[in-house]
Amino acid sequence: MNRLIVGVVLCLAAVAGAEVPSEWQGRIVGGMDAVTGQFPYQVSLTSRQKLHFCGGAIIGDRWILTAAHCLTDRKPEAVIAVVGALTHARGGKNFDVQQFILHPNFNQWTQQNDIAIVRTRLSFQFNTIVFPVKMARDYTPANRAVLASGWGMKSMSVPIPADHLQYVALRTIGNEECSQRFVNLKNREVTASNLCTYSRNAQGTCMGDSGGPLVNDGELVGLVSWGIPCAVGYPDVYVRVASYRAWISTITGVY
């Protein structure tokens with residue numbers, strides 16, 4: 001199994017000035033199987049047909065963070081949040097979604113401000129396998145150890161989501177280095193509200209991991225946003241959660 005990066009990439013950018021194909025949005029490469037209770041904040045966002053399409057992170061008793069691009073062209077009543085599961089197709093508990101709140105400045109073309117809040121109809125019952133993650137308050141610098149998790153594809157050659165929740169250990173890199181590694185991208189820019197990771201080839205994000213959590217020292221520092229599929233020598237780009245704490249807290253009351 002390629003080391004699948006869990007929950008790292010929301011939208012995968014194409015090279016040489018091309019646009020980002022929608023079917024490349026969100027998976028993990030080069031990971032390991034998670035165990036029960038290891039990632040109690042992990043969410044699988046699924047269709048009513050129980051098809052996983054994006055990840056998310058629990059931050060409150062009815063509140064989930066994910067990538068805004070995961071929710072465009074979808075309606076809350078058509079989405080189920082699955083929590084406490086190790087497999088995306090079975091197990092865990094399903095929660096109907098009441099509301100999507102996309103960041104007001106989300107730009108679908110550039111993927112800037114690619115963050116959204118999901119509110120469930122009923123509250124989660126917290127326990128050892130379902131529990132919120134604290135949002136990071138501070139800017140995460142380069143060379144920090146982080147964990148990504150999700151049910152994204154393990155490789156481009158096997159175009160199906162991972163059945164078992166995957167996770168991978170990564171390192172953050174500085175935004176300047178991250179920007180320099182991307183050339184000739186038509187509609188992508190790494191900004192201060194992004195966070196990047198890179199470890200090595202064959203270890204990174206792939207389709208299906210979009211919106212999934214990136215955690216450092218028990219705090220949520222990022223959400224999978226975009227990259228070049230899949231783990232082929234380019235960084236993975238996340239939404240930097242600390243940049244949006246004020247907006248999130250105003251809406252959810254979670255601090």
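## Close-up views of a predicted model

The structure holds six aromatic pairs. Rings of Phe, Tyr and Trp (its six-membered ring) pair if their centres lie within 6.5 Å. This is a predicted model, in which local features need pLDDT of at least 70, side-chain atom pairs count only at pLDDT 80 or more, and totals for chains, interfaces and linings use all residues. Residues are numbered from 1 along each chain as its sequence is written, and side-chain values use heavy atoms, with hydrogens and water left out.

**View 1. Phe182 and Trp226 form a tilted aromatic pair.** A pair of aromatic rings is described by the distance of the centres and the angle of the planes. For Phe182 and Trp226 the values are 5.0 Å centre to centre and 45° between the planes. Planes under 30 degrees apart count as stacked, over 60 as edge-to-face and the rest as tilted. Phe182 lies in the loop between α1 (175–181) and β16 (194–197), and Trp226 lies in strand β19 (residues 219–227), so the pair ties together parts that are 44 residues apart in sequence. Helices (H or I, at least four residues) and strands (E, at least two) are DSSP runs, numbered from the N terminus. Phe182 is buried, at 10% relative accessible area. Trp226 is buried too, at 1%. Buried means under 20% relative accessible area, exposed over 50%, and partly exposed in between (1.4 Å probe, protein chains only).

**View 2. Phe39, Tyr41 and Tyr167 form one aromatic cluster.** Look for the three rings of Phe39, Tyr41 and Tyr167.

**View 3. Two arginines sit over tyrosine rings: Arg181 over Tyr198 and Arg240 over Tyr139.** A charge sits over a ring if NZ of Lys or CZ of Arg is within 6 Å of the ring centre and within 35 degrees of the ring normal. Arg181 lies 4.5 Å from the ring centre of Tyr198. The charged end of Arg240 is 3.7 Å from the centre of the Tyr139 ring.

**View 4. Six strands close into a barrel.** The order is β5-β6-β7-β10-β9-β8, with antiparallel pairing. From one strand to the next, the twist averages 40°. Strands of a sheet pair through backbone hydrogen bonds, either parallel or antiparallel. Here, two strands pair if DSSP finds at least two bridges between them. Strands β6 (residues 52–60) and β7 (residues 63–66) run antiparallel and are joined by three bridges. Gly60 stands opposite Trp63 in β7.

View 5. Axes are lines fitted to C-alpha atoms, for helices over the stretch in contact, and angles run from 0 to 180 degrees between N-to-C directions.

**View 6. A disulfide joins Cys54 to Cys70.** The structure holds two disulfides. A disulfide is a pair of cysteine sulfur atoms within 2.5 Å. For Cys54 and Cys70, the S to S distance is 2.1 Å. Their link is left-handed, with -85° about the S-S bond. The pair links distant parts of the chain, 16 residues apart: Cys54 is in strand β6, and Cys70 is in the loop between β7 and β8 (79–83). Cys54 is buried at 3% relative accessibility. Cys70 is buried at 3% as well.

**View 7. A disulfide joins Cys178 to Cys196.** The sulfur atoms of Cys178 and Cys196 are 2.1 Å apart. This link of Cys178 and Cys196 is left-handed, with -80° about the S-S bond. Cys178 lies in helix α1 and Cys196 in strand β16, so the pair ties together parts that are 18 residues apart in sequence. Cys178 is buried, with a relative accessible area of 0%. Cys196 is buried, at 0% relative accessibility.

**View 8. Glu176 is in helix α1.** Glu176 is exposed, with a relative accessible area of 62%. Glu176 and Val190 are 14 residues apart in sequence and, C-alpha to C-alpha, 8.3 Å apart in space.

**View 9. Lys50 and Asp217 have a positive phi although neither is a glycine.** For Lys50, phi is about 65°. Lys50 is in the loop between β5 (42–47) and β6. Lys50 is partly exposed, at 49% relative accessibility. For Asp217, phi is about 50°. Asp217 is in the loop between β18 (213–216) and β19. Asp217 is exposed, at 75% relative accessibility.
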